Amino acid sequence: MAKPDLYFSADVEADGPIPGPYSMLSFGLAVAGAFDGTAFEAADPTKDTFYAELQPISETFDPEALAVSGLDRASLTRHGQDPADAMNAAAAWITGLAAEANATPVFVAYPLGYDWMWMYWYFMRFADKGSPFGHSRCLDMKTLYAARASTPITRSTKRNMPSHLLSAKPHTHNALDDAIEQAELLQNLMRWTGTG
């Protein structure tokens, strides 16, 4: 029998559009629940969480992207975690929780493309064992909504979703706050039949 999926809601704050030339400044992870192919079991997304603020890996940054994050690059240069330490700790935390649940870890984000790009690159670049999500164990909440609502991706934005699907928590641009908020969105989407 296949193991269930254990969903890790993720959010990233970065100082530019792509990893390498720019830096991931913080990331948050929150366990959203498990799905065995038949039933979804929601978890309290505030219970099992991980958050890290990282030292920048380059001198290059986009001032507008940095402003969105609300983080201070100079402070992170002095006090942020070494990326290798942070990514190894996150990978161990993810694999440990998945092992406890006898489940397979799956990365979940809204939208997936941006957060996955950063986290996968950082795991592959800095974590000793690479990505705990492999190269493709990921779920895009925007696509999940589009499929359930029978609507184009271009109309699958949060402002177009029924309000009962959205979390009551604000989107703060703190990576952990937003990972928890988006875990609640996933839980609502997993229970939703797409009929209202």
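Tutor: Let's start with a definition: helices (H or I, at least four residues) and strands (E, at least two) are DSSP runs, numbered from the N terminus. With that in hand, Ser 69 is found in helix α1, residues 63-69.

Student: Before we go on, what kind of model is this?

Tutor: This is a predicted model, in which local features need pLDDT of at least 70 and side-chain atom pairs count only at pLDDT 80 or more, while totals for chains, interfaces and linings use all residues. Residues are numbered from 1 along each chain as its sequence is written, and side-chain values use heavy atoms, with hydrogens and water left out.

Student: Okay, back to Ser 69. Buried or exposed?

Tutor: Ser 69 is buried, with a relative accessible area of 8%. Buried means under 20% relative accessible area, exposed means over 50%, and partly exposed is in between, using a 1.4 Å probe and protein chains only.

Student: What is Ser 69 in contact with, leaving aside neighbours within four places in sequence?

Tutor: Glu 13, Leu 25 and His 173 are in contact with Ser 69 once those neighbours are set aside. Contact means heavy atoms within 4.5 Å. As for Gln 55, it sits 14 residues from Ser 69 along the chain, and their C-alpha atoms are separated by 14 Å.

Student: Let's zoom out. How many helices and strands are there?

Tutor: The chain has 6 helices and 6 strands. Along the sequence they follow the pattern β-β-β-β-α-α-α-β-α-β-α-α.

Student: Why call the chain as compact as a globular protein of its length?

Tutor: Its radius of gyration is 16 Å, close to the 16 Å that the globule rule gives for 196 residues, so the chain is as compact as a globular protein of that length. The radius is taken over C-alpha atoms, and the rule is 2.2 Å times the number of residues to the power 0.38. Taken along the principal axes, the C-alpha atoms fill a box of roughly 50 × 40 × 25 Å.

Student: What share of the residues count as buried?

Tutor: 48% of the 196 residues do. And if you take contacts between residues at least 6 apart in sequence, 70% of them join residues at least 24 apart.

Student: Which residues touch the most other members of the largest nonpolar core?

Tutor: That core has 33 residues, and Met 24, Phe 27, Leu 29, Met 87, Met 119 and Phe 123 touch the most other members. A nonpolar core is a set of buried Ala, Val, Leu, Ile, Met, Phe, Trp, Tyr and Cys residues joined through side-chain atoms within 4.5 Å.

Student: And which elements give two or more residues to this core?

Tutor: They are β1 (5-14), β2 (24-35), β4 (49-53), α3 (83-100), β5 (104-109) and α4 (112-126). The most comes from α3, with 8 residues. Apart from this core lies another, of 17 residues, among them Phe 40, Val 108, Tyr 145 and Leu 165.

Student: Tell me about Met 24. What is it in contact with, neighbours within four places aside?

Tutor: Its contacts beyond those neighbours are Val 12, Glu 13, Ala 14, Leu 54, Met 87, Trp 118, Met 119 and Tyr 122.

Student: Now loops. Where does Gly 16 lie?

Tutor: Gly 16 is in the loop between β1 and β2, and at 4% relative accessibility it counts as buried. Beyond neighbours within four places in sequence, Gly 16 is in contact with Tyr 22, Asp 62, Ala 65, Tyr 114 and Trp 118. Gly 16 and Pro 63 are 47 residues apart in sequence, with 8.3 Å between their C-alpha atoms.

Student: Which peptide bond is cis?

Tutor: The one from Tyr 110 to Pro 111 is cis, with omega near -15 degrees. Pro 111 is in the loop between β5 and α4.

Student: What about phi of Asn 102?

Tutor: Phi of Asn 102 is near 50 degrees, which is positive in a residue other than glycine. Asn 102 is in the loop between α3 and β5 and counts as partly exposed at 47% relative accessibility. Ser 150, also not a glycine, has a positive phi of about 55 degrees. Ser 150 is in the loop between α5 (141-149) and α6 (175-191), and is exposed at 69% relative accessible area.

Student: Last one: where is the place of Lys 129?

Tutor: Lys 129 is in the loop between α4 and β6 (138-140). With a relative accessible area of 83%, Lys 129 is exposed.
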